[in-house]
Amino acid sequence: MLLHCTKKLTAKLPDISSSPLGEKSLLGSWHGHLVQIARRQCVLFCHDETRYMLFVPGVKKPHFEDLGRVHRDLFLMSLAAQGVPDAKIMRAGMALGPAAFDGATDRSVLASMNVALGDLDAYLLEYPNLLEIDLAATAVYLNDRPVSVRGIWHWPAKKMLAMVAKL
């Protein structure tokens with residue numbers, strides 16, 4: 001799995017490639033962005049092709065050191081919340097492969113992430129404590145809304161589930 005990191009996130013990670021890397025995963029690459037919400041460090045992940053989003057609140061130093069595992073666990077948990085069978089979840093976990101990080105970002109993906117952050121702010125109003133949110137429910141919320149990718153509208157959950165079904 002290749003994770004393209006914004007400058008804010010690259011400053012926190014220990015092992016970032018200085019040159020752009022090539023994707024080797026069957027599921028494609030992701031973007032990661034570090035944001036501050038309620039004075040807590042949070043990471044928003046976005047799949048490049050489908051715009052499938054994952055949100056991790058309250059990230060601390062040990063999480064940054066193992067961000068690939070944090071992403072993998074949350075991604076697989078979100079698939080389970082979407083009703084994906086266990087066999088497909090296991091295949092998706094294997095298809096991700098080992099985590100690699102670089103700083104090559106795509107403006108279109110970053111724009112999608114900014115829209116998601118606006119939607120996430122409205123969603124988080126229901127929770128007085130950021131650390132008490134249900135991560136799987138948040139992923140379902142973020143991915144059950146239409147998004148535009150270069151002028152074409154689609155549903156991120158449907159596209160990601162179709163990719164996982166092909167594994």
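Figure 1. Ser-78 is buried, with a relative accessible area of 0%, in a model that is predicted. This serine belongs to helix 3, which covers residues 67-81. A polar atom of the Ser-78 side chain lies 2.7 Å from the backbone oxygen of Phe-75. Neighbours within four places in sequence aside, the residues in contact with Ser-78 are Tyr-52, Leu-54 and Ala-139.

**Figure 2. Helix 3 along its length and at its end.** Helix 3 consists of 15 residues. From the first C-alpha to the last, helix 3 reaches 21 Å, close to the 21 Å expected at 1.5 Å a residue. Its buried residues are Leu-67, Gly-68, Val-70, His-71, Leu-74, Phe-75, Leu-76, Ser-78 and Leu-79. An α-helix has 3.6 residues a turn, so residues three or four places apart point the same way. In helix 3, Leu-67, Val-70 and Leu-74 are among the buried residues. After helix 3 comes Gly-83, which has a positive phi, near 90°.

**Figure 3. Packing of helix 3 against helix 4.** Helix 4 covers residues 86-96, and its axis lies 10 Å from that of helix 3. The two helices pack at an angle of about 155°, which makes helix 3 roughly antiparallel to helix 4. The contact involves Arg-72, Phe-75, Leu-76, Leu-79 and Ala-80 on the helix 3 side, and Ile-89, Ala-92, Gly-93, Met-94 and Leu-96 on the helix 4 side. Helix 3 passes helix 4 in a right-handed crossing.

**Figure 4. Helix 3 crossing helix 6.** The axes of helix 3 and helix 6 cross at roughly 70° and come within 9 Å. Helix 3 and helix 6 are therefore roughly perpendicular to each other. From helix 3, the residues that meet helix 6 are Leu-74, Met-77, Ser-78 and Ala-81. Their partners in helix 6 are Leu-135, Ala-136, Ala-139 and Val-140. Ala-139 is also listed among the contacts of Ser-78.

**Figure 5. Helix 5 against helix 6.** Helix 5 spans residues 107-124 and helix 6 spans residues 135-143. Their axes are 11 Å apart and the packing angle is about 130°, which makes helix 5 oblique to helix 6. The crossing of helix 5 past helix 6 is right-handed. Helix 5 contributes Ala-116, Asp-119, Leu-120 and Tyr-123. These meet Ala-137, Thr-138, Tyr-141 and Leu-142 of helix 6.

**Figure 6. Ile-37 in strand 2.** Strand 2 is made up of residues 30-37 and includes Ile-37. At 13% relative accessibility, Ile-37 counts as buried, because the cut-off for buried is under 20%. Beyond neighbours within four places in sequence, Ile-37 is in contact with Cys-42, Phe-55, Leu-120, Asp-121, Leu-124 and Leu-130. Leu-120, one of these, also takes part in the contact of helix 5 with helix 6. Ile-37 and Leu-130 are 93 residues apart in sequence, yet their C-alpha atoms are 8.1 Å apart in space.

**Figure 7. Pro-156 in helix 7.** Pro-156 lies in helix 7, residues 156-165. Its relative accessibility is 0%, so Pro-156 counts as buried. Apart from neighbours within four places in sequence, its contacts are Thr-50, Arg-51, Tyr-52, Asn-143, Arg-145 and Val-147. Tyr-52 is in contact with Ser-78 as well.

**Figure 8. Two arginines with positive phi.** Most residues other than glycine have a negative phi. Arg-51 has a positive phi near 65°, and Arg-150 has a positive phi near 55°. Arg-51 is found in the loop between strand 3 (40-47) and strand 4 (53-56). Arg-150 is in the loop between strand 6 (147-149) and strand 7 (152-154). Arg-51 counts as buried at 1% relative accessibility, whereas Arg-150 is exposed, with a relative accessible area of 58%. Arg-51 is also among the residues in contact with Pro-156.

Key
Residues are numbered from 1 along each chain as its sequence is written. This is a predicted model: local features need pLDDT of at least 70, side-chain atom pairs count only at pLDDT 80 or more; totals for chains, interfaces and linings use all residues. Side-chain values use heavy atoms; hydrogens and water are left out. Helices (H or I, at least four residues) and strands (E, at least two) are DSSP runs, numbered from the N terminus. Buried means under 20% relative accessible area, exposed over 50%, partly exposed in between (1.4 Å probe, protein chains only). A polar contact is a pair of N or O atoms within 3.5 Å; within protein, one must be able to donate a hydrogen and the other to accept it, and residues adjacent in sequence count only if both atoms are side-chain atoms. Contact means heavy atoms within 4.5 Å. The expected span of a helix is 1.5 Å times one less than its number of residues. Axes are lines fitted to C-alpha atoms, for helices over the stretch in contact, and angles run from 0 to 180 degrees between N-to-C directions. Angles under 35 degrees count as roughly parallel, over 145 as roughly antiparallel, 65 to 115 as roughly perpendicular and the rest as oblique. A crossing is left-handed if the near helix is turned anticlockwise from the far one by less than a right angle, and right-handed if clockwise.
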